[in-house]
Amino acid sequence: FEKKSQLENDLNLITNFDAEITGLKKRIRTQKTIAGKTAGSISKTRHSTANSFEKNIVNSLETMGVDNSIFKVDFALRLAADNDNNQISVVFNNREYLADSSGIDQIEFLISTNKGEMPKPLAETASGGEISRVMLAVKSIAAESDNLPMLVFDEIDKGISGHIAQKVGAVMKNLAKNHQIIAITHLPQIAALGDKNIYVEKHEGAERTTASAVTLDESSKLREIAKMLSGETISDAAIESATELTRFTP
């Protein structure tokens, strides 16, 4: 009886092949429309949030020494090609758009850091230091929205120095009031603001490379910051400067 039922189903499929295809296409279209409503809702939320996000980024960049900046979130939609079954697409506003797990929006960050220049794609125009500060600004805002318990900054201070480094350190210090911050840095201005400092060193042996990590007390912390300022020979002036850096209050 099982075999009879299977053969009947197969025969019915052969007999009504076109109708089956039409039915499946309708079901697919229905599911794409349902997914499209969700994608449209996500897109609407993104658009409504973009303006405040842009302002927050600009304010954060100004705090870190990037004056006169313009930051824009550029939205784009990509139409799906006809009869391409390898594409994932949804139906939104009676049109079929390419989609992925995050929705239908193709988003690019545009930035201008010089007065009079039009915003251009971040990846093409910003220097290493500017990208680091934009990433810090983005992470800071995301952390507030998502209530992230911990943030890890792996040399996010790359490409900056001097008073700008201190401003970046101040942003990180303020972030640390509500989040645990783990920061890997080579800058004394930022290391000086750490609540707990760990000195990490790499050792190359005959057969393998190992790393050591030592928690520093206040005295050791001052010496290591002084080394960052003056090199292996630590002068009294370097210790003084290191002490001043640790006393800085953001």
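Reader: Does Asn 93 count as buried or exposed?
Author: This is a predicted model, and the relative accessibility of Asn 93 in it is 60%.

Reader: Why does Ser 69 count as buried?
Author: Ser 69 is found in the loop between α2 and β1. Leaving out residues up to four places away in sequence, it touches Val 58, Leu 61, Ser 112 and Thr 113. Buried means under 20%. Ser 69 counts as buried because its relative accessibility is 10%.

Reader: Which strands stand at the edges of the open sheet?
Author: The open sheet has three strands, paired antiparallel in the order β1-β4-β5. Two of these strands have a single partner each, so one side of each is left without a neighbour in the sheet. The strands at the edges are β1 and β5.

Reader: Which residue in β4 stands opposite Phe 75?
Author: β1 runs antiparallel to β4, residues 106-112, and seven bridges join the two. Within this pairing, the residue opposite Phe 75 is Ile 107.

Reader: Which residues touch the most other members of the largest nonpolar core?
Author: This core has 28 residues. At least two come from each of α2, β1, α4, β6 and α5. Ile 57, for example, is in contact with Phe 71, Ala 137, Val 138 and Ile 141, aside from neighbours within four places in sequence. The members that touch the most others are Ile 57, Leu 136 and Val 168.

Reader: How many residues lie between β8 and β9 in their hairpin?
Author: β8 covers residues 198-204 and β9 covers residues 209-215. The two run antiparallel and are joined by seven bridges, with Ile 198 opposite Thr 215. The number of residues between the strands of this hairpin is four.

Reader: Which element gives the most to the lining of the largest pocket?
Author: The largest pocket has a volume of about 980 Å³. It is lined by 27 residues, and among the closest to its centre are Ala 183, Lys 196 and Ile 198. α5, β7, α6, β8 and α7 each give two or more residues to the lining. With five residues, the element that gives the most is β7.

Reader: Where does the largest share of the lining of the second largest pocket come from?
Author: The volume of the second largest pocket is about 450 Å³. Of its 15 lining residues, the closest to the centre include Ile 28, Lys 32 and Glu 96. By class, the lining has five nonpolar, four polar and six charged residues. The largest share, six residues, comes from helix α2.

Notes: Residues are numbered from 1 along each chain as its sequence is written. This is a predicted model: local features need pLDDT of at least 70, side-chain atom pairs count only at pLDDT 80 or more; totals for chains, interfaces and linings use all residues. Side-chain values use heavy atoms; hydrogens and water are left out. Two strands pair if DSSP finds at least two bridges between them. On a 1 Å grid over the protein atoms alone, a cavity is a set of points where a 1.4 Å probe fits but cannot get out, and a pocket is an open set with protein on both sides within 12 Å along at least five of seven lines; lining residues have an atom within 4 Å of a point. Grid points are joined across faces, edges and corners, and a volume is the space filled by probe spheres set on the points. Ala, Val, Leu, Ile, Met, Phe, Trp, Tyr, Cys and Pro count as nonpolar, Asp, Glu, Lys and Arg as charged, and the others, Gly among them, as polar. A nonpolar core is a set of buried Ala, Val, Leu, Ile, Met, Phe, Trp, Tyr and Cys residues joined through side-chain atoms within 4.5 Å. Buried means under 20% relative accessible area, exposed over 50%, partly exposed in between (1.4 Å probe, protein chains only). Contact means heavy atoms within 4.5 Å.
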